[in-house]
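These are my notebook entries on a two-chain model. I set down what I looked up, entry by entry.

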Amino acid sequence: MLSNFDFDVIRRALPYLFYEGMTFTLTLTALAALGGLIFGTALALMRLSGYKLLGRIAGLYVDFMRSLPLVLVIFWFYFLVPYIGQWVTGASRPISVGAFASSLITFIMFEAAYFSEIMRAGIQSISRGQPAAASALGLTYAQSMRYVVLPQAFRNMLPVLITQTIVLFQDTSLVYVLSITDFLGAASKVAQRDGRLVEMYLFAAVVYFTISCIASFGVRRLQARIAIIR
Amino acid sequence: MNYNWNWGIFFQPNPMGTGTYLDMLLSGLALTLKTAALAWIIALITGSVVGVMRTLPSKAANWFGFAYVEFFRNMPLLVQLFLWFFVLPEILPKAAGLWLKQLPNAPFWTAAIGVGFFMSARVAVQLQAGISSLPRGQKMAATALGLTTVQGYRYVLLPMAFRIILPPLTSEFLNTIKNTAVAITIGLLELTGQARSMQEFSFQVFEAFTAATILYLLVNAVVVTAMRFLERWVAIPGYITGK
């Protein structure tokens, strides 16, 4: 039962959990969301470009990534990235890539598939008159995307993008399978060292829950505000 | 690339003495499907109950449904599995905890229950959306005909709502299959787990993961095709998917 619940073990582990673990988790989440958004927008533009081949490639990539479990993708990139690095740099042996770089590449590539679907929906929600007006003003395709379509698409999709980022934040805990010290990894290391699984896992659950709850509450507020403006 | 490809590895005997490496992966696939099936049953049943609760006129039921969904949606699946696997046996009364710990196949049951409840929150949200997408007149007509609330849901609202949310439910089912891979962390040797141990035994990293990837893609294709048929079979005339 919970009668011998030890709060002190959590208190002592706090600096390690947050300075090491949470910093890793949040940095990974932020960079992966940014990278995934950029790459995902590129994929969405490829799909909507009107060039059959480009659209096909992007579509295949998205469907492929979305039918695989994230854990498998994490393993794939963990083993594949050193070889790709070797191929790119022309080194004589597979280069060693740090845990952070490897998981960052994984999450960017994986999340791009999901972000691209969101951005595609966002771009398609812009009325046809907008790009038409842009080209009537003499804007090139790139300019009309950059100044007219994408800003609106991004704004309309902001709540969904943030929701996806919350999912991403939770999913980063899966780097556990590579024994990386993210927030959950740090909690698990302390748990195993001190034999305090109950305290550490419950605490980790509470922290993830609180952060995600606050973020999704923010999304709901944002959604309400955007809904009024439109 | 100086990597030694060896596709013949699948037909070599595995070190566990359970046949070839291919047999090992296939047994992983079977376990993935079994876990996903049980998890999906749990998700569908509890998710439907909670989803209905969120649309009931009762404030308490609404609130419970809301809290349930937030609870299961705002924690990573991995953390939830750890709670079920490591924490639950400790905080239960001694005897029950001991029984849980000695359960044979504990990773399987934990994974099915953990993934099941995790997905149930998503099913609940979909069903709620489905029910509230129905015209208000449906519920009123049911009441006017003298149906009780239970009958109204049973004969009018749910048959419509489930048909409407069939496409999103398909992707939730696919997510259930994919999410069983997370159970590798509690020692469940499902497809990803078997691919990983094959890689550890044989050092043929890319062959193992390629095979697992192909198997996942196949499962995906089969499920999507089967659900297409189901969708066409239950479609309501006059609706977008209907004839």
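How far apart do the end C-alpha atoms of residues 208–230 of chain B lie, and how much of the span is helix? I found the end C-alpha atoms 33 Å apart, with the span 100% helix and 0% strand. I took helices (H or I, at least four residues) and strands (E, at least two) as DSSP runs, numbered from the N terminus.

**Entry: conventions and confidence**

I note that this is a predicted model, in which local features need pLDDT of at least 70, side-chain atom pairs count only at pLDDT 80 or more, and totals for chains, interfaces and linings use all residues. Residues are numbered from 1 along each chain as its sequence is written, while chains are lettered from A and ligands numbered from 1 in the order in which they are written.

I then read the pLDDT, the predictor's confidence in each residue, from 0 to 100. Chain A averages 90, and 97% of its residues score at least 70. For chain B the mean is 91, with 97% of the residues at 70 or more. Within chain A, helix H2 (residues 52–66) has the highest confidence, at 94, and helix H8 (residues 197–229) the lowest, at a mean of 88. For the complex, the predictor gives an ipTM of 0.89 and a pTM of 0.90.

**Entry: annotated spans**

I consulted UniProt, whose positions are given in the numbering used here, with feature names shortened; its annotations may be inferred rather than shown by experiment. An unreviewed entry marks "transmembrane region" in chain B at residues 24–51, 63–86, 106–125, 145–166 and 208–230. I checked one of these spans, residues 145–166, and found 77% helix, 0% strand and end C-alpha atoms 27 Å apart.

UniProt also lists "domain: ABC transmembrane type-1" (unreviewed entry) at residues 22–219 of chain A. That span of chain A is 81% helix and 0% strand, and its end C-alpha atoms lie 22 Å apart. In chain B the feature of that name, again from an unreviewed entry, is placed at residues 29–227. There I read 82% helix, 0% strand and an end-to-end C-alpha distance of 20 Å.

**Entry: chain A overall**

I counted eight helices and zero strands in chain A. Its C-alpha atoms fill a box of roughly 70 × 55 × 25 Å along the principal axes. Of the 230 residues in chain A, 40% are buried (20 or more other C-beta atoms within 10 Å of the residue's own; exposed means 12 or fewer, partly exposed in between, with C-beta atoms placed from the backbone). Two residues are in contact if their C-beta atoms, placed from the backbone, lie within 7 Å. Among the contacts in chain A with a separation of 6 or more, 72% join residues 24 or more positions apart.

I looked up A:Tyr16 as one case, in helix H1 (residues 7–47) of chain A. A:Tyr16 counts as partly exposed because it has 15 C-beta neighbours inside 10 Å. Leaving out residues up to four places away in sequence, A:Tyr16 touches A:Ala186 and A:Val190. A:Tyr16 and A:Ala186 are 170 residues apart in sequence, yet 7.3 Å apart from C-alpha to C-alpha.

**Entry: where the chains meet**

I found 29 residues of chain B in contact with 30 residues of chain A. On the chain B side, two or more residues each come from helix H3 (77–91), helix H9 (191–202) and helix H10 (205–234). The largest share, eight residues, comes from H3(B).

A:Val71 touches residues of both chains: A:Leu174, A:Val177, B:Ala181, B:Val182, B:Ile184 and B:Thr192, neighbours within four places in sequence aside.

**Entry: positive phi in chain B**

Which residues did I record with a positive phi, though not glycine? B:Asn105 has a phi near 60°, and B:Phe203 one of about 65°. Most residues other than glycine have a negative phi. I placed B:Asn105 in the loop between helix H4 (94–101) and helix H5 (106–132) of chain B, and B:Phe203 in the loop between H9 and H10 of chain B. B:Asn105 is exposed because 11 other C-beta atoms lie within 10 Å. B:Phe203 is also exposed, with 12 other C-beta atoms within 10 Å.
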